[in-house]
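Here's a quick briefing to read with the structure open next to you. Take it topic by topic and find each residue as you go.

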Amino acid sequence: MRKTLIAATFVILPLFAAACGSDTDSAPALTEADLSKSLQEKGLQDPAFADCAAKLYIGEGISQDGLRTMVSDEFDTRMADPETLGMSQEDADKARAATNKIVTECLGKAQ
């Protein structure tokens with residue numbers, strides 16, 4: 001369980017490190033499935049955990065711009081503060097809230 005928690009922390013928190021550089025007006029809306037897939041591609045190996053995490057991020061109401069920041073390939077995995085990495089204050093607060101919930105609500109599903 002400890003390894004899963006550590007791995008989840010290293011995968012989830014860095015998602016905030018991306019800079020949003022795409023044209024969001026013409027891009028299709030990101031879904032839970034898109035976010036879950038991105039989490040898995042970035043190293044979250046348990047699909048159930050990735051699905052749970054994606055559901056919580058979407059459920060917090062993060063904007064499409066914020067979600068695009070999270071799935072961007074241009075993130076630095078050593079950084080974890082969403083606000084300093086291109087997210088609005090509102091999205092950063094929502095992402096932090098979701099991350100806190102992920103540790104408590106999703107970790108049990110990953111085992």
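Start with lysine 101, which is partly exposed because its relative accessible area is 35%. Its side chain meets the side chain of glutamate 60 in a salt bridge, at 2.5 Å from N to O. Glutamate 60 sits in the loop between H3 and helix H4 (64–71) while lysine 101 is in helix H5, so this pair ties together parts that are 41 residues apart in sequence. Keep in mind that this is a predicted model.

- Another salt bridge brings together the side chains of aspartate 93 and arginine 96, at 3.0 Å from N to O.
- This time both partners lie in helix H5, three residues apart, again about one turn of the helix.
- Aspartate 93 is partly exposed, since its relative accessibility is 36%. Arginine 96 is partly exposed as well, at 29%.

- Which residues of H2 are buried? They're Leu35, Ser36, Ser38 and Leu39.
- These residues cover an arc of only 160° around the axis, so they end up on the same side of H2.
- On the face turned away from that buried side you'll find the exposed residues Ala33, Lys37 and Glu41.

- Threonine 31 has its place in the loop between helix H1 (2–12) and H2. It counts as partly exposed because its relative accessibility is 38%.
- Threonine 31 and glutamine 64 are 33 residues apart along the chain, and their C-alpha atoms are separated by 9.3 Å.
- Where is lysine 42 found? Look in the loop between helix H2 (32–41) and H3.
- Lysine 42 counts as buried because its relative accessibility is 19%, and the cut-off is under 20%.
- What does the side chain of lysine 42 reach? It gets to the backbone oxygen of valine 71, at 3.2 Å.

**The disulfide**

- A disulfide is a covalent bond between the sulfur atoms of two cysteines.
- By the rule used here, the count is one disulfide.
- It's formed by cysteine 52 and cysteine 106, whose sulfur atoms are 2.0 Å apart.
- The two cysteines are 54 residues apart, and their link joins distant parts of the chain: cysteine 52 is in helix H3 (residues 47–59), and cysteine 106 is in the segment after helix H5 (89–105).
- With -80° about the S-S bond, the link is left-handed.
- Buried or exposed? Cysteine 52 is buried, and cysteine 106 is too.

**The whole chain**

- How many helices and strands does the protein chain have? There are five helices and zero strands.
- Reading along the sequence, you get the pattern α-α-α-α-α.
- The protein chain has 111 residues, and 39% of them count as buried.
- Take the contacts between residues at least 6 apart in sequence: 77% of those join residues at least 24 apart.
- The accessible surface of the chain is about 6100 Å², and 53% of that belongs to carbon and sulfur atoms.

How values were computed
Residues numbered from 1 in each chain as written. Predicted model: local features only at pLDDT ≥ 70, side-chain atom pairs only at ≥ 80, totals over all residues. Heavy atoms only, no water. Disulfide = S-S within 2.5 Å. Helix = DSSP H or I, 4+ residues; strand = E, 2+ residues; numbered from the N terminus. Buried < 20%, exposed > 50% of the residue type's maximum accessible area, 1.4 Å probe, protein only. Contact = heavy atoms within 4.5 Å. Areas by Shrake-Rupley, 256 points an atom, 1.4 Å probe, with all protein chains shown as cover. Polar contact = N/O pair within 3.5 Å; in protein donor to acceptor, adjacent residues only side chain to side chain. Salt bridge = Lys/Arg side-chain N within 4 Å of Asp/Glu carboxyl O. Arc of directions from axis to C-beta.
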